[in-house]
Amino acid sequence: MSIQSPNSLIESPDDIVKKTQWHHYPFKWLPPVSLLAPSGIWLLLLLLLPTLIIFQLSLVTDIRPGDIVNPNGVDNYIRILEPLYLRVIFNSLFLAINTTIICLLLGFPVAYWIAQIAPKRWRNLLLLGFVLPLWTSSLLRSYAWITILRPTGLLNSILTSIGLPALELLHRNPAVLIGMTYSLLPYMVLVLYASLEKLDQQLLEAAADLGANPVQTFWKVTVPQVFPGIAAGSLLVFITALGDFIDPELLGGASSMTAARLVYNQFLGATQNWGFGSALSMTLILVVSIAIALVIKFGEATPKK
């Protein structure tokens with residue numbers, strides 16, 4: 001009769017894991033699937049299927065409500081290359097890029113001050129005060145800017161009262177930039193604050209001890225640490241500005257036509273060309289997808305080795 005040592009009666013962690021995997025192997029896919037099912041069904045019904053329907057409509061020329069969907073080519077995409085529509089797309093990109101740059105230049109100092117300089121007990125209150133405009137409708141905010149920027153509005157009344165000439169901003173691109181910057185600046189500040197709050201102070205102190213001036217410390221220490229936040233905030237503002245409809249519609253004129261307004265005209269305006277509107281929508285989706293891919297590829301804090 002052989003006597004087993006006490007160590008032979010104790011199962012190793014690897015043996016326990018193997019037995020657990022063996023007993024549950026046929027159903028090991030069930031827990032992750034059940035966790036992903038609600039969001040997966042939601043994305044399938046409200047994102048993937050509508051996008052496929054829009055893509056199908058984009059392949060139909062001059063389709064109107066009630067017509068039979070019969071995809072017959074890429075004529076709608078070729079039509080986008082006409083100079084008139086290219087100008088509209090370039091104007092949309094111009095407004096979105098400039099809005100992103102302005103929000104970054106204005107939002108970074110504010111986010112840095114709240115995250116690093118302001119007393120900790122006031123930070124949440126300061127953030128709350130900064131995002132209070134988001135509690136009101138974007139439509140009301142745009143109408144407020146109309147009241148301020150119109151020829152007889154508040155801004156020109158102040159300028160003329162101090163002897164300065166009045167400005168013609170309404171129904172022009174500058175008014176659209178002002179409206180979109182005001183609407184999207186809180187998003188940039190919130191994203192940047194989340195990154196700046198985690199800034200490593202020891203690296204800043206080490207840079208100062210090594211003789212770096214504030215400018216060098218900012219570009220070589222601060223910016224690399226918060227670059228993912230800069231990329232995420234810029235992407236969020238760019239995508240939202242590219243698809244913004246209310247500010248260009250209310251604050252811009254004929255010279256401020258954007259892709260979002262053009263899509264609206266194709267679906268709900270007098271044109272009623274759903275095929276061309278769908279092609280424009282797919283083009284915007286493509287531009288946004290490229291922007292997201294670039295951020296994913298180049299937006300890392302440190303490059304992969």
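Helices H6 and H9 are roughly antiparallel to each other in this predicted model. Two packed helices are described by the angle between their axes and the distance between the axes. For helix H6, which covers residues 120-130, and H9, the axes come within 10 Å and cross at roughly 155°. Angles over 145 degrees count as roughly antiparallel, and the pair is therefore given that description. On the H6 side, the contact is made by Arg123, Leu127 and Phe130, while H9 contributes Leu185, Pro186, Val189, Leu190 and Tyr193. Sorted by class, the residues of this contact are seven nonpolar, no polar and one charged.

H9 also meets helix H7. H7 spans residues 138-149 and H9 spans residues 173-196; their axes come within 10 Å and cross at roughly 135°. That angle makes H7 oblique to H9. The crossing of H7 past H9 is right-handed. Here the residues from H7 are Arg141, Trp145 and Leu149, and they meet Ala175, Ile178, Gly179, Tyr182 and Ser183 of H9. This contact of H7 with H9 has five nonpolar, two polar and one charged residues.

In an unreviewed entry, UniProt places the feature "transmembrane region" at residues 35-55, 88-114, 126-146, 176-196, 226-246 and 274-296. Two of these spans can be described in the model. Residues 176-196 are 100% helix and 0% strand, with end C-alpha atoms 29 Å apart. Residues 126-146 are 67% helix and 0% strand, and the end C-alpha atoms of that span are 27 Å apart.

Leu235 lies in helix H11, which runs over residues 214-242. Is Leu235 buried or exposed? Its relative accessibility is 16%, so Leu235 counts as buried, the cut-off being under 20%. Apart from neighbours within four places in sequence, Leu235 is in contact with Ala291, Ile292 and Val295. Leu235 and Thr100 are 135 residues apart in sequence, and their C-alpha atoms are 8.1 Å apart in space.

Ile53 is a second example. Ile53 belongs to helix H3, made up of residues 30-58. With 48% relative accessibility, Ile53 counts as partly exposed, because that class lies between 20% and 50%. Along the chain, Ile53 and Ser278 are 225 residues apart, and 9.0 Å separates their C-alpha atoms.

Technical notes:
Residues are numbered from 1 along each chain as its sequence is written. This is a predicted model: local features need pLDDT of at least 70, side-chain atom pairs count only at pLDDT 80 or more; totals for chains, interfaces and linings use all residues. Side-chain values use heavy atoms; hydrogens and water are left out. UniProt positions are given in the numbering used here, feature names are shortened, and annotations may be inferred rather than shown by experiment. Helices (H or I, at least four residues) and strands (E, at least two) are DSSP runs, numbered from the N terminus. Axes are lines fitted to C-alpha atoms, for helices over the stretch in contact, and angles run from 0 to 180 degrees between N-to-C directions. Angles under 35 degrees count as roughly parallel, over 145 as roughly antiparallel, 65 to 115 as roughly perpendicular and the rest as oblique. A crossing is left-handed if the near helix is turned anticlockwise from the far one by less than a right angle, and right-handed if clockwise. Contact means heavy atoms within 4.5 Å. Ala, Val, Leu, Ile, Met, Phe, Trp, Tyr, Cys and Pro count as nonpolar, Asp, Glu, Lys and Arg as charged, and the others, Gly among them, as polar. Buried means under 20% relative accessible area, exposed over 50%, partly exposed in between (1.4 Å probe, protein chains only).
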